[in-house]
Amino acid sequence: MSSYAKVATKILKYSNDCYENDLEPNIESLNANRLGISDRQYYQTLKMLTDDGYIKGIEFLDVIPPEMSQINHPRSWYITSDGIQYLEENSLIRKAYNTLKEAKDWLPLDEALVMGAFCIQ
């Protein structure tokens with residue numbers, strides 16, 4: 001199972017790419033199998049992204065049992081400005097982390113000090 005952050009970032013990145021290139025999202029490119037996750041995790045991730053306001057246009061049909069729940073076709077889904085901001089902030093944090101990780105490899109710094117840079121005190 002993949003982490004929420006990884007799956008959410010992939011979905012948002014795809015949605016943003018469609019937005020920037022004026023393309024319609026395609027179910028063949030954006031589905032659980034393509035993302036390497038279960039249908040349940042896919043559904044829950046889309047639900048969280050919608051609840052958090054990062055994606056709009058998704059319609060959920062919740063039924064019992066949950067495995068039978070449905071969502072509408074992605075052609076009506078779109079990333080919001082909050083979703084774009086999430087991607088940008090995630091990218092900056094990842095770049096900072098990678099830079100610190102690289103610096104740790106060539107500087108004689110204490111690992112706790114380098115990794116502590118990301119902790120709020």
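Residues 24 or more positions apart account for 55% of the contacts in the chain with a separation of 6 or more, a contact being a pair with heavy atoms within 4.5 Å. The model is a predicted one, in which local features need pLDDT of at least 70 and side-chain atom pairs count only at pLDDT 80 or more, while totals for chains, interfaces and linings use all residues. Residues are numbered from 1 along each chain as its sequence is written, and side-chain values use heavy atoms, with hydrogens and water left out.

**The whole chain**

Begin with the chain in a cartoon view, where there are 5 helices and 4 strands; helices (H or I, at least four residues) and strands (E, at least two) are DSSP runs, numbered from the N terminus. Followed from the N terminus, the elements run α-α-α-β-β-β-β-α-α. If you then switch to a surface, the chain exposes about 8500 Å², of which carbon and sulfur atoms supply 54%; such accessible areas come from the Shrake-Rupley method with a 1.4 Å probe, and for residues only the protein chains shown count as cover. Of the 121 residues, 31% count as buried, where buried means under 20% relative accessible area, exposed over 50% and partly exposed in between (1.4 Å probe, protein chains only).

**Helix 1 against helix 3**

Next, select residues 4–20 for helix 1 and residues 39–51 for helix 3, whose axes come within 10 Å and cross at roughly 70°. That makes helix 1 roughly perpendicular to helix 3, since angles of 65 to 115 degrees are given that name, with those under 35 degrees counting as roughly parallel, over 145 as roughly antiparallel and the rest as oblique. The axes are lines fitted to C-alpha atoms, for helices over the stretch in contact, and angles run from 0 to 180 degrees between N-to-C directions.

Show the side chains of Tyr-4, Val-7, Ala-8, Ile-11 and Leu-12 in helix 1, which meet Gln-41, Tyr-42, Thr-45, Leu-46, Met-48 and Leu-49 in helix 3. By class, this contact has 9 nonpolar, 2 polar and no charged residues (Ala, Val, Leu, Ile, Met, Phe, Trp, Tyr, Cys and Pro count as nonpolar, Asp, Glu, Lys and Arg as charged, and the others, Gly among them, as polar).

**Asn-16**

Further along helix 1, select Asn-16, which is buried, with a relative accessible area of 9%. Not counting residues up to four places away in sequence, Asn-16 touches Ile-79, Ile-84 and Leu-87.

**The aromatic pairs**

Finally, look for the 2 aromatic pairs of the structure; rings of Phe, Tyr and Trp (its six-membered ring) pair if their centres lie within 6.5 Å, and planes under 30 degrees apart count as stacked, over 60 as edge-to-face and the rest as tilted. Tyr-43 and Phe-60 form an edge-to-face pair, with 5.3 Å centre to centre and 85° between the planes. Tyr-43 lies in helix 3 and Phe-60 in strand 2 (residues 60–61), so this pair ties together parts that are 17 residues apart in sequence. Tyr-43 counts as buried at 13% relative accessibility, whereas Phe-60 is partly exposed, with a relative accessible area of 22%.

For the other stop, select Tyr-54 and Tyr-86, whose ring centres are 5.0 Å apart and whose planes stand at 40°, so the pair is tilted.
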